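Here is a walk through one protein structure. Keep the sequence and the 3D view side by side, and follow along.

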Amino acid sequence: MIKIAPSILSADFANLERDIGRISTADYVHVDVMDGMFVPNITIGIPVVRCIRPTTTLPLDVHLMIVKPARYVEEFCDAGADIVTVHVESDTPEGIQSAIDKIHAKGKRAGIVLKPATPAQAAEPFLEQVEMVLVMTVEPGFGGQKFMADQMDKVRTLREWIDQRNPGCELEVDGGVDPETCKVCIEAGANVLVAGSAVYKAADIPARIAQLRG
Ligand code: DX5
Ligand code: ZN
């Protein structure tokens, strides 16, 4: 079954509880955390995760676009994150390992994220340890960008490796996913689709979520 993780980056931040309620038929709530250093944008952080936690029973899928995420992963877990993903480009391999270990020590799911220019091989040292691998299909930083179909080879490669080495691991894509591009993502082997604008700009959000499942 394909899972849908609407990104609240496209929600109305003055009405987050209402807008999270509108995606209750989805599988995860995708939370984009940006620090103005790893990406050229600043969004939301730990206090917001803590405030939205009691507003939904859906798992919170927290995508950290921050430098040296090991500094903050425990606080995100304590604030209510269920899945915490960190970019492999955001620290040394030792730093990424430390972030994964801290997330697991909190009893939460850990994942790694690859930017478009980062090859699938960068996931290999962590592949057997994580519960999620996220392939960016836009440059991280902003919602509403154009889907990069050239990332599908990476998704296919990772699907093959995950099936062989860690079949319980989820394979997520993020960026530019809409009712058309969702099809190639599913065909390439992704099982979790993040969608921000495609969900929140829809007139009928539950219908759009159903449509994105392919
Ligand atoms: C981009 C974020 C995405 C973004 C997706 O850095 O990681 O989650 O919100 O938005 P859409 O679906 O509009 O491309
Ligand atoms: Zn994201």
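Begin in a loop. A123 lies in the loop between β5, residues 109-114, and β6. Is A123 buried or exposed? With a relative accessibility of 0%, A123 counts as buried, because the limit for buried is under 20%. This is a predicted model. Now look at what surrounds this alanine. Apart from neighbours within four places in sequence, A123 is in contact with I112, L114 and L158. Next, find K106, which is 17 residues from A123 along the chain. The C-alpha atoms of A123 and K106 are separated by 22 Å.

Step back to the sheet. How many strands does the open sheet have? There are eight, in the order β1-β8-β7-β6-β5-β4-β3-β2, and the pairing is parallel. Two strands form the edges: β1 (3-6) and β2 (29-34), each of which pairs on one side only. From one strand to the next, the twist averages 25°. What holds paired strands together in general? Strands of a sheet pair through backbone hydrogen bonds.

Take the pairs one by one. β1 pairs in the parallel sense with β8, residues 192-195, over four bridges. Within this pair, L193 of β8 is the bridge partner of I4. Move along to β6, residues 132-136, which pairs with β7 in the parallel sense over five bridges. Here V133 has L171 in β7 as its bridge partner.

Stay with β7. Which of its faces are covered? Both are: E170, E172 and D174 are buried on one side, and L171 and V173 are buried on the other.

The zinc ion (ligand 2) is coordinated by H30 through NE2, D32 through OD, H63 through ND1 and D174 through OD. The distances run from 2.0 to 2.3 Å. What is the arrangement of the six donor atoms? Their angles around the zinc ion (ligand 2) are 69 to 168°, which makes the arrangement octahedral. For comparison, ideal angles for six octahedral donors are 90 or 180 degrees. In sequence, the donor residues of the zinc ion (ligand 2) follow the spacing H-x1-D-x30-H-x110-D. H30 lies in strand β2 and H63 in strand β3 (residues 60-65), so this pair ties together parts that are 33 residues apart in sequence. H30 counts as buried because its relative accessibility is 0%. H63 is buried too, with a relative accessible area of 0%.

Follow the chain out of β3. K68 is found in the loop between β3 and α3 (73-79). Its relative accessibility of 42% makes K68 partly exposed. Check the backbone here. K68 has a phi near 50°, a positive value in a residue other than glycine. Most residues other than glycine have a negative phi.

Now turn to helix α6, residues 181-188. Its buried residues are T181, C182, C185 and A188. The buried residues of α6 pack against α5 (152-165), β7 (170-174), β8 and α8 (205-212).

Zoom in on A188 of helix α6. At 4% relative accessibility, A188 counts as buried. Setting aside neighbours within four places in sequence, A188 is in contact with M152, V155, R156 and R159. C77 is 111 residues from A188 along the chain, and their C-alpha atoms are separated by 31 Å. Just after α6 comes G189, which takes a positive phi of about 115°.

Finish at Y200, placed in helix α7 (residues 197-200). Y200 is buried, with a relative accessible area of 13%. What is Y200 in contact with, leaving aside neighbours within four places in sequence? The list is P6, S7, I8, S10, A11, D19, I20, I23 and I205. A190 is ten residues from Y200 along the chain, and the C-alpha atoms of the two are separated by 21 Å.

Note on methods:
Residues numbered from 1 in each chain as written. Chains lettered and ligands numbered in written order. Predicted model: local features only at pLDDT ≥ 70, side-chain atom pairs only at ≥ 80, totals over all residues. Heavy atoms only, no water. Pairing = 2+ DSSP bridges. Axes fitted to C-alpha atoms, helices over the stretch in contact; angles between N-to-C directions. Donors = N, O, S within 2.8 Å, 3.2 Å for Na, K, Ca; no water. Tetrahedral: all angles 85-135°; square planar, octahedral: opposite > 155°, others 65-115°. Buried < 20%, exposed > 50% of the residue type's maximum accessible area, 1.4 Å probe, protein only. Contact = heavy atoms within 4.5 Å.
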